[in-house]
Every structure is written in C-alpha cells, then in structure tokens.
Amino acid sequence: MMPLKKSNHRSEKKIIPLFFSGMTWFSSVLILLIFLGLILELFGQGQLAFSTFGFDFLTNEVWNPVTKQFSARAALIGTLVSSFIGVMIALPVSFGCAYCLSEILPKKVAKYITAATQLLAAIPSIIFGMWGFFVVVPGMANYVQPFLKWIFGDVPFLQLLFSGGTFGIGILTAGIILAVMITPFITAVMQEAFSNTPAMLKESAYSLGATRWEVMHHVTLPWVQKVVVGGVVLGWGRALGETMAVTFVIGNAHHAGWSLFMPSNTIASLIALEFPESAAGSLKMSSLMALGSVLMLISFIVLFCSQFLLRQVFKTR
Amino acid sequence: MNTRSKKGLKVTHNHHMTWRFIKNRLITVFAFGTISIMICILLSILASLLINGISGLTFFTLTHMTAPQGMDGGLLNPILGSAIQVGLATIMAVPVGVMAGIFLAEHGRKKISQIIRFTADIMMSVPSILIGLFVYIILVMTTGYSAFAGACSLAILALPVIARTTEESLNIIPPAIHEAGYALGAPKWKVMLWVCLPAARGGIFTGILLAISRIAGETAPLLFTSLGNSDWSWDIFKPMASLPLTIYQYADSADDTWIKLSWTAALLITVFVLCLNLITRMYVDSRRKRDQ
C-alpha cells in the first residue's frame, strides 16, 4: 500500500500489527474453543454413566444413590413439560404485549411500558425463584389449584392432569414462573419483527378498510412468521436451562406422572441440588455430568434452530 | 345501515361487519390485559422485595458479616465477595470480548467469523448451570473451589455479550472514519485502537454494563465454582461468599432472620441490576436523540 515508506520499516514495526491481529484471532477463537470444550468435557465426564447404564439412562426412572442407579427420564420429562407449559403460556401473553406495544399504544407511552417489560428480563433468575417461592406458591396453593381442581376435577382424562394435592409447588407453578421469565424475550423479538414490517403493506391493508386485527392477522403475521417462531424457540431454549427459579418451586422429586400439581424435577434443578452431595469421580457425579450433556444437547438443538430461523430472516431483508 | 334493513335488504353483510369489529375489539382488550398482567407481575416482584427487604437494609446489615444461626448477622462478606468476583470477571472478559468483537467486525464475511458469531449467539443462551459444570471440570477438579473459578465462569457468561455488542457498535461507525485514519498514514491496528474504538465507545460501554448486570445475579455457576463461604475472605484462590449464593442458602432455611436477610440481599442485587439497566437505557436514548 505504501511503497515509499516500506523501506524505512524496521522489523519491530511488523511485530505490533502481528501481535494485534494475533490477539483478535486468539480472543475470537477462544469463544469457539470454550464452546467446543463445553460440549466435549461434559460428554467426556458423563462417559462413565453412559457406558454403565447405556441407553437405559434415558428411559429408566430410578434415581437411587444407595443402589447406585441413576437415570434421566423423570428429570428429562420434567424439563420438557415445564418448559412446554412455560412456552404455551408465554406465547399468547407476549403476542398480546407486542401487539399492544407496537400497534395500539402511542409511541410515547409504549416506550415506557417497553422499558418496564424489559426490566422484567433483567431481574436475576434467583429473584424469580424467591418471588415464586414466597408469593406465587401460596397463591397457587390457596386459589389457583383448588379452582382448577374444581373445574377439571370431574372431566374425564383432564382430571389426570389436575389430580394430586394442592401444595402450590409442582410442574405447573414452575411453568408459570418460566413463562414470566421468557415473556420479555419473546415480546422483544416480536416487537422488533412487527416494526420491521414495511409500512406500505400495512397502510394498503388499512386503506382497504381492514381492522387493526385483520392487518395483524393477514399482513404482518405472514410477513414475520419465521422471526416469531425463531423468537418463541429462543424463549423455549432459555426456559429449558433455567435453574434457580425452577429449583425453588418445582418440589424436587424423582417422579414423572401425569399430574401437574405433583412435585417433579428438571435436569438443571436436579444438578444444582444433587451436586454438593456427590463425590468427585463417583458414578453419581458422572451421571450428573451425563444429565448435563443431555441438557446441552437439547438446548443446543433448540438454540441452533432459533438462531437459524432468526438469522435466515434478517439476512434476506 | 339501518335504512338498508328497513328497505328489506339482506343484513348478513352488515352482521359480518359488526363481528369483524367485535373481534378487533376483543383482541385489543386481550392485548391490554396481557400488558397489565406483565406490569402487575413486575410491580408484585418489586413490592415484595421492598416490603420484605427494606427493613433489613440498615447500617448494621451492611457492615457486619454473616453469622451463625441465632446470632445477628449482616451481609458484608457476600457483598464484597460479589463485588470481587464480578469485578474480576469483568476484568477478564472485557479485553477478550472487545478483541473478539474487533475480529468479528473486521472479518465480517469470512467463514470463520460467521461460525464464531453463530457460536457467540448460542453461547448467550446456553444454560448457565452448564457453564458452571464446565468450569468445575476444567478448574475446580484440578485446583479446588475458588473465587477465581467463580469469576471465570462469570467471565465466560459475559464474553459473548461483550463480543457481539462490540461488533455491532463497530459496524455502525461510518467507513469515512476508517478512511480518515488510513489517510493519515496510520497502520490498521492504530486506526482500530485509537480511532474506531473511541468512536464506538458508547456502544461498547453499554454492552459491558449489560454483561455486568447479567452476571451480577447469576447463581447456578457459582454453586460449583466458588462454593460460598461464611467467613471473611480476601483470597481469590479460596472459596468466597456472594450475594446470590447467600440468597440461595438462606431462603430455604426455616429461620426467620435468615429469610429476612435473603430478602435484603435480593433487594440489593435487584436494585443494582435495575440501576445498571436504567443507566444504559437512558444513555442509549440520549445518544439516539443526539444523533437525530
């Protein structure tokens, strides 16, 4: 580039640029290495459990430290069901929030309410755990669960879901807390997507006499559907790995049944609870690591899909 | 429309119209309902924190250490432990994160940087408990529980956030600024360090604050790395207390004074995190206003 100056360059003048680009290379490859290391190390440490129990690790339901039998099914089902409940509640709520904030409310008001909902996303997960344990659980035990029992208690099939004692804890409560935690994320993605819809499309629909809901339903939603799905899946990925909030309210029992009121377990809360009682190098520790790698696998797939969807859409527009 | 029906014309069309509008109105009501539920939840969390935590927020609590059950204790060592670990994590994560952000901004289209960007995005949502397990395998199995290991796990959590925000704020710098630097004859690294980074410092600063507010309340990774400590500890190579761990241990106990202390700790963390968020939000807003 600069042939005139090149002759004056001393060798040390090449060291600094080399050092600088080396640093940037090192730092960014470090992120990749940490990620690969995370996957490999978890699977490596879980190897003992995988080789001992084989495929039964995923399908058995026993978790018995005395007989040294460990398996993932109860926790796996608990994780999937509680996060599914979370997403099912969060989806309509965050759609309502995003619809209200981006289409109905005037910009000036919406700005403050958006800030308020985003504050909810900033609150640490252990605070949600405490709030859930001391505020939501008594409410569930005294009002919501008896009410649900009263409604669905005699309906065939559905009564299975709502049987059991009304202690307030359980999968349903965990799902509700998870819904509260992921709603701000999904709302943010949806709001971003709605505001990216070309104004011309919306205006032409309005000029045909469409109502606000018809514009949303027939114009905006088809336009943004991939982003919305990506956002929902992203929220699901976050719900899968939530630890502290769930640990407080799920009740922690190695049990997977139909009832939403019974105490259950998730992979993350099982790891958090059992870890301090496991000796390094033991089969139990290895089983926890194996559980961790199962969780890693699930959340990697989910997060990969969500990033793929979100990326694809933002690239084309 | 009434006139039409008086003439005996079909009113099905009219009926359809009203149902459309009713549906629109119903959805609007639903949307306002969801918004108010979310705001009520936020207020409920803040109110329960304030009601239960404010009475513990005394000079005594802030200047005394945690005590055994039955004695009056404070939160001094968890507060300091949290500050030390979060500070250490920030010191570790910021240079690496900023460097990685520079790399991503510089080699935007290359295959390797696309892979790294994708990895960083996934890392942002990877369950934090798994990061804790990873640091446990790497550091704690070899050197034992320590505040340093805790800080490492927090740094890993902060790293992708800082890298991505740095990249994004470097990307929006006008190319003319780069060119002006090159025109003066500066080499690439000097342009990056002394021209582009200062120009993007607002965005980078915001990213760092967001990363801090994210790691300040993290509990799960600390369970396996810094373990917690009920004593005074300056040594970063020993187990150390922290506010989230104290909340986790105290909230489950049956002792009322401990539960009260954990509410106070929760209030402290939440106020800290919310303040950081409000500062960044106001900062971003004021910059946006200035740019317009």
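Tutor: A salt bridge is a side-chain nitrogen of Lys or Arg within 4 Å of a carboxyl oxygen of Asp or Glu. By that rule, two salt bridges cross the interface of chain B and chain A. This is a predicted model, in which local features need pLDDT of at least 70 and side-chain atom pairs count only at pLDDT 80 or more, while totals for chains, interfaces and linings use all residues. Residues are numbered from 1 along each chain as its sequence is written, chains are lettered from A and ligands numbered from 1 in the order in which they are written, and side-chain values use heavy atoms, with hydrogens and water left out.

Student: Why is the pair B:Arg20 and A:Glu214 called a salt bridge?

Tutor: Their side chains come to 2.6 Å, N to O. The cut-off is within 4 Å, so the pair qualifies.

Student: What makes B:Glu168 and B:Arg164 a salt bridge?

Tutor: The closest N and O atoms are 3.8 Å apart, and the rule asks for within 4 Å, so this pair also counts. Both residues lie in helix H7 of chain B, four residues apart, about one turn of the helix. Helices here are DSSP runs (H or I, at least four residues; strands are E, at least two), numbered from the N terminus.

Student: Why is B:Arg164 called buried, and what is B:Glu168 called?

Tutor: Buried means under 20% relative accessible area, exposed over 50%, and partly exposed in between (1.4 Å probe, protein chains only). B:Arg164 has 12% relative accessibility, so it counts as buried. B:Glu168, at 46%, counts as partly exposed.

Student: What does the salt bridge of B:Glu167 and B:Arg117 tie together?

Tutor: The two side chains meet at 3.0 Å, N to O. B:Glu167 lies in helix H7 (residues 147–171) of chain B and B:Arg117 in helix H5 (residues 111–125) of chain B, so the pair joins parts that are 50 residues apart in sequence. B:Glu167 is buried, with a relative accessible area of 3%, and B:Arg117, at 13%, counts as buried.

Student: Which residues are linked with these in a network of salt bridges?

Tutor: The network holds A:Arg311, B:Arg117, B:Asp121, B:Arg164, B:Glu167 and B:Glu168.

Student: How do you know how much area is buried between chain B and chain A?

Tutor: Buried area is the accessible area (1.4 Å probe) that two parts lose on being put together, summed over both. Here the value is about 7,300 Å², and carbon and sulfur atoms give 82% of it. B:Met38, B:Phe118 and B:Trp189 supply 9% of the area that chain B buries against chain A, more than any other three residues.
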